[in-house]
Amino acid sequence: MSESGSQGSWVQSSSMALVVILWALVLLPLLWGVYQTLKGVVALFS
Amino acid sequence: MFTAALCWSSGFFIGALGVATTQLWLVYFGYGLVGGIGLGIGYISPVSTLIKWFPDRPGLATGLAIMGFGGGALIASPLTSTLLSAYASNPVDAIVPSFLTLGAVYLISMMLGAFVVRLPAEGWQPEGWTPPTEEETSDLETTANVSAASAIRTPQFWLLWTVLFCNVTAGIGILEQAEPMIGDFFSVEAAAAAGFVGLLSLANMAGRIGWSSISDYIGRKPTYIMYLGVGAVMYFLLASFGSASIALFLLVTVVILSFYGGGFATIPAYLKDMFGVAQVGAIHGRLLTAWSAAGVAGPLIINAIADYQTAAGRTGADLYTLSLFIMVGVLVVGFIANLLVRPVDPRFHMEQEEGHDRETSVSGSPAGSEA
């Protein structure tokens, strides 16, 4: 019972880690792209 | 998604070969045809998959997926510029390595996505949520399913096709001419004009997730009434008073572009409401021919009118007045088409068993029910 419980929590935490890594892979380049675009937008108002 | 990854990245590799061997037809074939097929498949797959993971918030789901498409453009544009300047002092010499790098980056990232993304298991639903019954849903929200083959025989499909066509044509009206337009309206410098294009890209992306999520609360039909009705008013303001103030010009164009993005993102959820979730990806694919048609019609209209106005000796904001008023008319046509949308006749509904024969070929095998 406890073995299956610890196995379940390991699966859950590794799934969570995968979700975090994948979101980071998406968000980091996206934030870089938004930053680069905003740098151009600043020229519009300066 | 596996096929999309292969086609899209192959497009870059074949395109690089075409540039390296100075064979232009290879560039058209690779980057245009093969890459284009990958783009189309890759656009639809996440949308239909996410709708199934978020049965309680389909607008949010489609907004997330299609915002990703808009966000990709925000990454690709500066990334391409960075690669072109990093590989060689002359950008022409950097095209081949840039294409190869982009192809490899896309192949790895899209394969990662294809590996992770799964359809939910049959019967899965979010915790604490129960599907609404026919009585609990609005008139335009069905609990039945319509096959893709039947959907294109319904007037609703062609009304929504017209809605998307008009919304995209009007959006392209601004996008196509954004950079020269702000220059002609206000004589701004090239860097500021490029910044304006960037601002429109951000509005486009924000509109995809923002307006589409809001459509979960106010309904799909009212959302399109806003896109097309308020959009027509915005175009009218732009044509009539756009050159009076740069603040008004920016405000109006940002709203128009947010509606353009929102129109793309909300349409799959509208389709899900009208035709059910079973074959929404296939129906969405057929509806996106409206995007292709608008991609041809929009620039043709805008460029032909701009040439005509230039030949007539007009300058500045006057170059665009007629085009902008035509776009008001285009949006009014879409507005009327949206008003005419009614629930699908039950004779088009699939049998219960057919409805369970879900789209598994696009996104792979279903995920476990524990998710």
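Modeller: One cut-off first: two residues are in contact if their C-beta atoms, placed from the backbone, lie within 7 Å. By that criterion B:L331 is in contact with B:C166, B:A170, B:L228, B:G231, B:A232 and B:Y235, leaving aside its neighbours within four places in sequence. This is a predicted model.

Colleague: What scores does the model have?

Modeller: The model scores ipTM 0.70 and pTM 0.83. The average pLDDT of chain B is 85, and 94% of the residues score at least 70. Over residues 360-366 of chain B, however, the pLDDT is below 50. That stretch has 19 contacts in the model beyond near neighbours in sequence.

Colleague: Why is chain B called as compact as a globular protein of its length?

Modeller: The globule rule gives 21 Å for 371 residues, and the radius of gyration of chain B is 22 Å. The two values are close, so the description applies. Along the principal axes, the C-alpha atoms of chain B fill a box of roughly 65 × 50 × 35 Å. Of the contacts in chain B with a separation of 6 or more, 79% join residues 24 or more positions apart.

Colleague: How many helices and strands does chain B have?

Modeller: Chain B has 14 helices and 0 strands. Chain A has 1 helix and 0 strands.

Colleague: What percentage of each chain counts as buried?

Modeller: A residue is buried if 20 or more other C-beta atoms lie within 10 Å of its own. For chain B, 45% of the 371 residues count as buried. For chain A, 13% of the 46 residues do.

Colleague: Why is B:G183 called partly exposed?

Modeller: Buried needs 20 or more C-beta neighbours, exposed needs 12 or fewer, and partly exposed is in between. B:G183 has 17 inside 10 Å, so it counts as partly exposed. B:G183 is found in helix α7 (residues 178-186) of chain B. Not counting residues up to four places away in sequence, B:G183 touches B:V188 and B:A193. B:A193 is 10 residues from B:G183 in sequence, and their C-alpha atoms are 6.6 Å apart.

Colleague: What makes B:T22 exposed?

Modeller: The cut-off for exposed is 12 or fewer C-beta neighbours. B:T22 has 8 inside 10 Å, so it counts as exposed. B:T22 is found in the loop between α1 (2-20) and α2 of chain B. Its phi is near 50 degrees, a positive value in a residue other than glycine.

Colleague: Which domains does the assignment give for chain B, and how far apart are their centres?

Modeller: The domain assignment gives domain 1 (1-118) and domain 2 (139-346). Taken over C-alpha atoms, 24 Å separate the centres of the two domains of chain B. Across the boundary, 18 residues of domain 1 are in contact with 21 residues of domain 2. On the domain 1 side, α2 (24-53) and α3 of chain B each supply at least two residues. The largest share of that side, 12 residues, comes from α3(B). By class, this side of domain 1 has 10 nonpolar, 6 polar and 2 charged residues.

Colleague: Which residues touch the most other members of the largest nonpolar core?

Modeller: They are B:L160, B:L164, B:Y235, B:L271, B:L287 and B:L331, in a core of 103 residues. Helix α10 (residues 246-275) of chain B gives the largest share of this core, 15 residues.

Colleague: How do you know that this core lies between the domains?

Modeller: Domain 1 (1-118) and domain 2 (139-346) of chain B both give residues to this core, so it lies between them. Two of the residues named for that core, B:L331 and B:Y235, are also in contact with each other.

Colleague: What makes up the side of chain B that touches chain A?

Modeller: In the interface, 14 residues of chain B are in contact with 13 residues of chain A. On the chain B side, α3 (58-87) and α8 (190-218) each supply at least two residues. The largest share, 9 residues, comes from α8(B). By class, the side of chain B that touches chain A divides into 10 nonpolar, 4 polar and no charged residues.

Notes. Residues are numbered from 1 along each chain as its sequence is written. Chains are lettered from A and ligands numbered from 1 in the order in which they are written. This is a predicted model: local features need pLDDT of at least 70, side-chain atom pairs count only at pLDDT 80 or more; totals for chains, interfaces and linings use all residues. Helices (H or I, at least four residues) and strands (E, at least two) are DSSP runs, numbered from the N terminus. Ala, Val, Leu, Ile, Met, Phe, Trp, Tyr, Cys and Pro count as nonpolar, Asp, Glu, Lys and Arg as charged, and the others, Gly among them, as polar. A nonpolar core is a set of buried Ala, Val, Leu, Ile, Met, Phe, Trp, Tyr and Cys residues joined through C-beta atoms within 7 Å. Domain bounds come from an automatic or database domain assignment. The radius of gyration is taken over C-alpha atoms; the globule rule is 2.2 Å times the number of residues to the power 0.38. pLDDT is the predictor's confidence in each residue, from 0 to 100.
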